[in-house]
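Biologist: Could you take me on a close look at one part of this protein, the nonpolar core, and show me what surrounds it? I am new to this, so please go step by step.

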Amino acid sequence: MSKKDISNKEDVELLVDSFYAKVLKDDTIAYIFTDVAKMNVPEHMPIMYNFWATILLSKGTYVGNPMDKHFALNEKEALKKEHFDRWLKLWFDTVDELFTGSKAEEAKTRASTIGRLMLFKMEEANH
Ligand code: HEM
């Protein structure tokens, strides 16, 4: 199957669904989603579709504050470099398995930038 770029909402949904399939069975970070946050997966997915559609396609309506959500999570369980490294690896792997092109690159660049900033802020809060 030849890969194409991320170009519509269906692509974003496939990307996010495939990413969470990996996250939720990952030895390093799954527990943060399932046991610490006790995240409601069906409720969370549309938020993530919206977030990434806003970033990549300018077609979403995401208005939340992701940093605040992760600060709250960080108070329950310190979010560390190893967690972010794993999150980003799974995101990069998923993007590369499914897509290729400038939006695919942007998905990885934006995640890295946000992830680095998030880790920096979490580390500051943990001092
Ligand atoms: C250590 C790495 C990470 C972990 C363990 C993690 C975990 C979580 C969890 C458990 C939630 C649900 C929180 C809730 O609804 O109460 C969440 C929400 C979210 N995460 Fe992360 N996350 C990580 C990194 C990232 C990164 C790097 C990004 C962006 C590139 C991101 C974007 C989001 C967004 C947009 C939401 C939804 C916020 C909202 O409800 O408005 N996360 N994350």
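Modeller: Happy to! Keep in mind that this is a predicted model. The largest nonpolar core has 18 residues, and those that touch the most other members are Ile6, Val12, Leu15, Val16, Trp52, Leu56 and Val95. Helices H1 (9–23), H3 (41–57), H5 and H6 each contribute at least two residues to this core. As background, nonpolar side chains tend to be buried together in soluble globular proteins.

Let's start with Ile6. Setting aside neighbours within four places in sequence, Ile6 is in contact with Asp11, Val12, Leu15, Leu56, Phe99, Lys103, Ala104 and Ala107.

H5 (residues 81–98) packs against H6 (residues 102–125) at an angle of about 175°, and their axes are 10 Å apart. Angles over 145 degrees count as roughly antiparallel, so H5 is roughly antiparallel to H6. On the H5 side, the contact is made by Lys81, Phe84, Trp87, Leu88, Trp91, Phe92 and Val95. H6 brings Ala104, Ala107, Lys108, Ala111, Ser112, Gly115, Met118 and Leu119. Sorted by class, that contact has 11 nonpolar, two polar and two charged residues.

Now step back to the whole protein. It has six helices and zero strands. Its radius of gyration is 14 Å, close to the 14 Å that the globule rule gives for 127 residues, so the protein is as compact as a globular protein of that length. Of the 127 residues, 18% count as buried. Finally, among contacts between residues at least 6 apart in sequence, 73% join residues at least 24 apart.

Technical notes
Residues numbered from 1 in each chain as written. Predicted model: local features only at pLDDT ≥ 70, side-chain atom pairs only at ≥ 80, totals over all residues. Axes fitted to C-alpha atoms, helices over the stretch in contact; angles between N-to-C directions. Helix = DSSP H or I, 4+ residues; strand = E, 2+ residues; numbered from the N terminus. Parallel < 35°, antiparallel > 145°, perpendicular 65-115°, else oblique. Contact = placed C-beta atoms within 7 Å. Nonpolar A, V, L, I, M, F, W, Y, C, P; charged D, E, K, R; others polar. Core = buried A, V, L, I, M, F, W, Y, C linked by C-beta atoms within 7 Å. Buried ≥ 20, exposed ≤ 12 C-beta atoms within 10 Å, placed from the backbone. Rg over C-alpha atoms; globule rule 2.2 N^0.38 Å.
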